[in-house]
Amino acid sequence: PGNSVRAPDTGLQQPVAVAGRLIPHNNRSSKPDEQITLFLFFSFYFLHGFMRIVITGGAGSIGAELTRQLSVKNRVYIFDINETEMFDLVEELKLEGREVGGGVVDIRDVTALQRVFALHPNYIINAAARKHVTPMEETPMEAVSVNIEGVVNLLSFAVETDSGFIQISTDKVVNACSVMGATKRVAELIVRNAGYTSVRFG
């Protein structure tokens, strides 16, 4: 567990791992151009060899883009609670000849996660989250159950199966003053203390 994440030498300026998370060299919160750099980092890192990658929350905005890029040379499985978006993305990529699969999975469901990890992934990228600030102020325990408890579930399986793990986080964790931001920050700390990596997006 705790596989280190290093980018191959591509000649591009790459984010670096600091205190358990990836940050751009200028050490600022992630902006759109920096998000592109992070996507390039994922692409260059994972495309150098064939891997089995599981992306939870794979039908969301970030998860879907990662799926499109990483499925070029890897076998990618996406899991999401959004059945329609998950199905449409998998079918789109299969038509392009990609090796992709998917299913409806809630990261709070330990039994469902057992089926996910039976795939023996090399890496799990967790993009599943409750990410909207206002709704989570009204239903804070929903944020806790997904953004913290769900991450703990994934980490437990990652450790057990010796899989790499990358947590997708948010710039809302900086000086967090919302339930969403606070729960995502707690998740970052849990991931870091387990020896894995988080990546912040704006």
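1. A salt bridge here is a side-chain nitrogen of Lys or Arg within 4 Å of a carboxyl oxygen of Asp or Glu.

2. Please keep in mind that this is a predicted model, where local features need pLDDT of at least 70 and side-chain atom pairs count only at pLDDT 80 or more, while totals for chains, interfaces and linings use all residues. Residues are numbered from 1 along each chain as its sequence is written, and side-chain values use heavy atoms, leaving out hydrogens and water.

3. R108 also forms a salt bridge with D106, at 2.9 Å between the closest N and O atoms. R108 is partly exposed at 29% relative accessibility, and D106 is partly exposed too, at 24% (buried is under 20% relative accessible area, exposed over 50%, partly exposed in between; 1.4 Å probe, protein chains only).

4. Now look at strand β6 (residues 123-126): Y123 and I125 point one way, I124 and N126 the other, and all are buried. Helices (H or I, at least four residues) and strands (E, at least two) are DSSP runs, numbered from the N terminus.

5. β6 runs parallel to strand β3 (residues 52-56), joined by 4 bridges, and V54 stands opposite I124. 4 bridges also join β6 to the parallel strand β7 (residues 164-170), where I166 stands opposite I125. Strands pair if DSSP finds at least two bridges between them.
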